Amino acid sequence: MLGRVLQALKETGKWENTVTVFASDHGDMAGEHGMFWKSTNAFYDGIARVPLFVKDASLKPGRFAPPVDLIDLPPTLLALCGIKAPEGMDGKSLIPYLQGQKDPGGLSALSERLDWNEGHTREKRFYNSYGFMLRNSRYKYCRYRQDESVHEFLSDMEQDPGEQCNLAVGLPKKAADIEALEHMRTLLRNRLLQTGCRFQW
């Protein structure tokens, strides 16, 4: 079906002036870690990492490896159409990276799983239970809370791409792992505050 859409753009002469995006809202576990489908609170790459392809006549073919957020798509599409993003819009334009700029070292992807509340509004919740994930080029940090119980997971995605070892638990911890854990905690806390999320840490 995707091929039919792309072929129709070419046949109607709209291929060169159409921005084409292919993405997904989530993955499926397909047996990874013994899990199936999307029904999990985990943030393994099998469910949290999704494809993202952007095609525009102004862009050269290439690949950008560091993680980004799907919330970056609206300001990116506006920029590709020559429209200034509204003040206060969430997300950032990915145009510099689509044009070849390297990751300055601060890019990360945020994902969250929250119980629904009345009105489905994120801001009005009192966060007694949550699941958050922050992923940068090197580490993935997950933090879960259920009432008074808090669980943390830290994976070194370079050394452990299968996410088999939780560096946040167990003794003795390496100094580098302790530093990475505190760094990722701080990054997550800052990202949540930036997006208006107030919760019991």
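Student: Where is F53?
Tutor: F53 sits in strand β2, which covers residues 52–55. Keep in mind that this is a predicted model.

Student: Is F53 buried or exposed, and why?
Tutor: F53 counts as exposed because its relative accessibility is 55%, and the cut-off for exposed is over 50%.

Student: Which residues form a nonpolar patch with F53 on the surface?
Tutor: L2 and F22 form that patch with F53. Together the three have about 310 Å² of accessible area.

Student: What about nonpolar side chains in general, where do they tend to be?
Tutor: In soluble globular proteins, they tend to be buried together.

Student: Which residues of the largest nonpolar core touch the most other members?
Tutor: F132, Y141, L154, M184, L188 and L192 do. That core has 15 residues.

Student: Which elements each supply at least two residues of this core?
Tutor: Those are β4 (129–135), β5 and α5 (175–194). The most comes from α5, with five residues.

Student: What does the second, separate core include?
Tutor: It has five residues, among them A42, F43, M133 and C142.

Student: New topic. Where does R143 lie?
Tutor: R143 is in strand β5, residues 139–146.

Student: Buried or exposed, that R143?
Tutor: R143 is buried, because its relative accessible area is 6% and buried means under 20%.

Student: What polar contact does the R143 side chain make with Y141?
Tutor: The side chains of R143 and Y141 meet in a polar contact of 3.1 Å. Another polar contact, at 3.0 Å, links the R143 side chain to that of E152.

Definitions and conventions. Residues numbered from 1 in each chain as written. Predicted model: local features only at pLDDT ≥ 70, side-chain atom pairs only at ≥ 80, totals over all residues. Heavy atoms only, no water. Patch = residues over 30% accessible without salt bridge, like charges linked within 9 Å, V, L, I, M, F, W, Y side chains within 5 Å. Areas by Shrake-Rupley, 256 points an atom, 1.4 Å probe, with all protein chains shown as cover. Salt bridge = Lys/Arg side-chain N within 4 Å of Asp/Glu carboxyl O. Helix = DSSP H or I, 4+ residues; strand = E, 2+ residues; numbered from the N terminus. Buried < 20%, exposed > 50% of the residue type's maximum accessible area, 1.4 Å probe, protein only. Polar contact = N/O pair within 3.5 Å; in protein donor to acceptor, adjacent residues only side chain to side chain. Core = buried A, V, L, I, M, F, W, Y, C linked by side-chain atoms within 4.5 Å.
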